[in-house]
Amino acid sequence: MCGIHGLINLSGTQSILAQHIEAMGAITVHRGPDDSGLHIANGVGIGMRRLSIIDLAGGHQPISNEDESLQLVCNGEIYNYRELRQQLLELGHRFKTDSDVEVILHLYEAYGDDCVNHLNGMFAFALHDQRRKRVLIARDRMGIKPLYYGQSEGFFAFSTEAKAILALPMFNATLNHEALPHYLELGYVPAPLTLFEGINKLEVASTLVIESGRIEHNCYWQPHYDSSNKTPQQWAYEVHEQIEQSVKRQMVSDVPIGAFLSGGVDSSAVVAMMAKHSTGPVKTYAIGFDTGKAGQFYNELPYARQVAELFGTEHREILVRPDIVELIPKLIWHLDEPIADSAFITTYLVSEFARQDVTVILSGVGGDELFAGYRRYQGEHYINHYQKLPGWVRRGLIAPIAKRLPADRHSKWLNYMRLARSFVGSAEQPFSQRYHSYLKVFSEELQHQLLAKPFQHQSRVTELMLQTEGVPSLWRMFDVDRQSQLPDDLLMLTDKMTMAASLECRVPLLDLELVDLALQIPEQTLLAKGELKTVLKQSLKGTLPDSIIHRAKRGFGAPMGAWLKSELAGLRSSLLNRQAVEARGLFNWKTIEQTINQHDRNQADHTDHLLALMNLEIWCRLYLDGVSSDSISDELKEAI
């Protein structure tokens, strides 16, 4: 695990300086405190920062083939490297190290750019073929590992983190106004856009080939939705077996390893399989908030404790009252781009806690997408029943009442009302618009009211929906999520927050073989009778207790909405006030003022809206204004 970066001369007229590659590595030292390396030749410079996981002595990068004509830097882990290594040895290839990523070099020698289709892992890599004078850059199928790239002044730059590209003199931090409506719409910026003008994110399952001054972009994998005819019991058995194999495969490490444990079905399944294949007690880590009633809504410690006791893990808990004013500027710097998802705070705090003992952590991220675990996936099941009601009842009676329901996600009953408002509000829309409405943070109407300048943009969700017409509705929703929210929100924050603590995070529920299996399960089996995660739950019968399998779903976040009405009201006011908003010049103050008032009065739950705007302002101060995270924290504390 590491951070990779590089600079390529597209014009052939300028030199690559070692100081440029070193500057990129210096800004991402948190990703690889154990080692660094660089290679410069023929107008190409590549470098890395390494966190040693496998082959501690021999895994230095850049790594080369036998005659050093190929040079590679790779961020991630290749889980099937042992099988690939054996196959390549039989073909006559010779290995210099025991590093998992060395197989990529030999696969490239054997199969060229198709090497990516042989890999089961999480990765972003850059391979310099010095003989052919070309560079191959690739990102894994699910987007577990990030990669940014950009062009300026005849150079092409890439890195695991956007801030490393900004360390180069030919790049500047400028707001990408095209990306701003996308950020407001979704609460994150979907690939290929970023909030930085001139810097893009490489999409999932994609490659870039830089050759003769040209850049070619390719998508090397698309899911094949082809359901198989098996009984629910057969599916449950196969899913159980594959989860076990995926976890076992991802436990390979030469350093201490542990697991995040929330007590939800996903993390509990991972811990159960780890316990089965571990020679000693599994190290598990859980977090709760010491912030009164609001924190209790997110407190999953009793469930985590139950699972830990069941499997005899070496369990550690942390109960926190975080210093948000101190944390958020620092964490948004690490994120590169702001997001309207409080899970980044929780993920960092538990990562920092776990890093005291372990260097590798396993997480249950991805289970909701792969096995239909989000409430929004239930929408199509219940909409069929709802639409049987007469139109005058739906539109004339229910819809007006739903619009007036109070909402607060931190209160059990007000949260149900929030979900009811969302469901009823979208019930009369076509399928694609209805699903889109579940994903939106700011509606199009609110965006127009909010933005100071008029805008036009094509929604990324709409683009993705058009690609899957004819596919069953559940898989259409999954396909949107696998190319947007999963890589650009959940996996991004997981990667950035764990690596901010120099901790490698693995996500076995997104293992390639498990993904391929899940894509064969029929929609009516995955979401039988409208129950979320039907197959996954059945697969864990006898492994986990019913109290864990059937417990109510909670998000892995922080009680930001409640905090913004109480202890963080001062932080909110110092970031979102008339003077600050009008000075920034991006938004209309009256719309923000109305949003704040509605949230405080429980007329609407605007947690995501306010968090999106606050985090964006902090991001602007960090990257556009060039203020350090420590200075921002100090300024905010003084203002509060």
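In what follows, two residues are in contact when they have heavy atoms within 4.5 Å of each other.

## About the model

The structure above is a predicted model, in which local features need pLDDT of at least 70 and side-chain atom pairs count only at pLDDT 80 or more, while totals for chains, interfaces and linings use all residues. Residues are numbered from 1 along each chain as its sequence is written, and side-chain values use heavy atoms, with hydrogens and water left out.

## Starting with Q447

Which residues does Q447 touch, leaving aside its neighbours within four places in sequence? They are P181, L184, E185, F442, F455 and H457. Q447 itself sits in helix α17, which covers residues 444-450. Helices here are DSSP runs of H or I with at least four residues, strands are runs of E with at least two, and both are numbered from the N terminus.

Q447 counts as buried because its relative accessibility is 2%. The word buried stands for under 20% relative accessible area, exposed for over 50%, and partly exposed for anything in between, with a 1.4 Å probe and protein chains only.

## The chain as a whole

Stepping back, the protein chain holds 30 helices and 17 strands. Along its principal axes, the C-alpha trace spans about 75 × 60 × 45 Å.

Of the 640 residues, 62% count as buried. If you look at contacts between residues at least 6 apart in sequence, 72% of them join residues at least 24 apart.

## Surface and charge

The accessible surface of the protein chain is about 24,400 Å², and carbon and sulfur atoms account for 47% of that. Areas come from the Shrake-Rupley method with a 1.4 Å probe; for residues, only the protein chains shown count as cover.

On the charge side, there are 62 positive and 77 negative side chains, and the centres of the two sets lie 6 Å apart. Lys and Arg count as positive and Asp and Glu as negative, whereas His and the chain ends are not counted. Each charge is placed at NZ of Lys, CZ of Arg, CG of Asp or CD of Glu.

## Cysteines

How many disulfides does a search of the whole structure find? The search finds zero. C115 is in no disulfide, and the nearest cysteine sulfur, that of C74, is 10 Å away. A disulfide here is a pair of cysteine sulfur atoms within 2.5 Å.

C115 has 0% relative accessibility, so it counts as buried. For C505, the closest cysteine sulfur belongs to C2 and is 16 Å away, which is too far for a bond. C505 also counts as buried, because its relative accessibility is 4%.

## Backbone details to look at

One joins Q61 and P62, with omega about 0°, and P62 lies in the loop between β3 (44-50) and β4 (63-64). Another runs from A191 to P192, with omega near 10°; P192 falls in the loop between α5 (180-186) and β10 (199-201).

S502 has phi near 55° and belongs to the loop between α20 (485-500) and β17 (504-506). Is S502 buried or exposed? S502 is buried, as its relative accessible area is 13%. K533 has a positive phi of about 55° as well, although it is not a glycine. K533 is in the loop between α22 (523-526) and α23 (534-539), and its 7% relative accessibility makes it count as buried.

L107 is part of helix α3, residues 102-111, and is buried with a relative accessible area of 2%. Not counting residues up to four places away in sequence, L107 touches L84, L88, G112, C115, H118 and L119. From L107 to A452 there are 345 residues in sequence and 52 Å in space, C-alpha to C-alpha.

T591 is found in helix α28, residues 589-600, and counts as buried at 8% relative accessibility. Apart from its neighbours within four places in sequence, T591 is in contact with L446, Q449 and L450.
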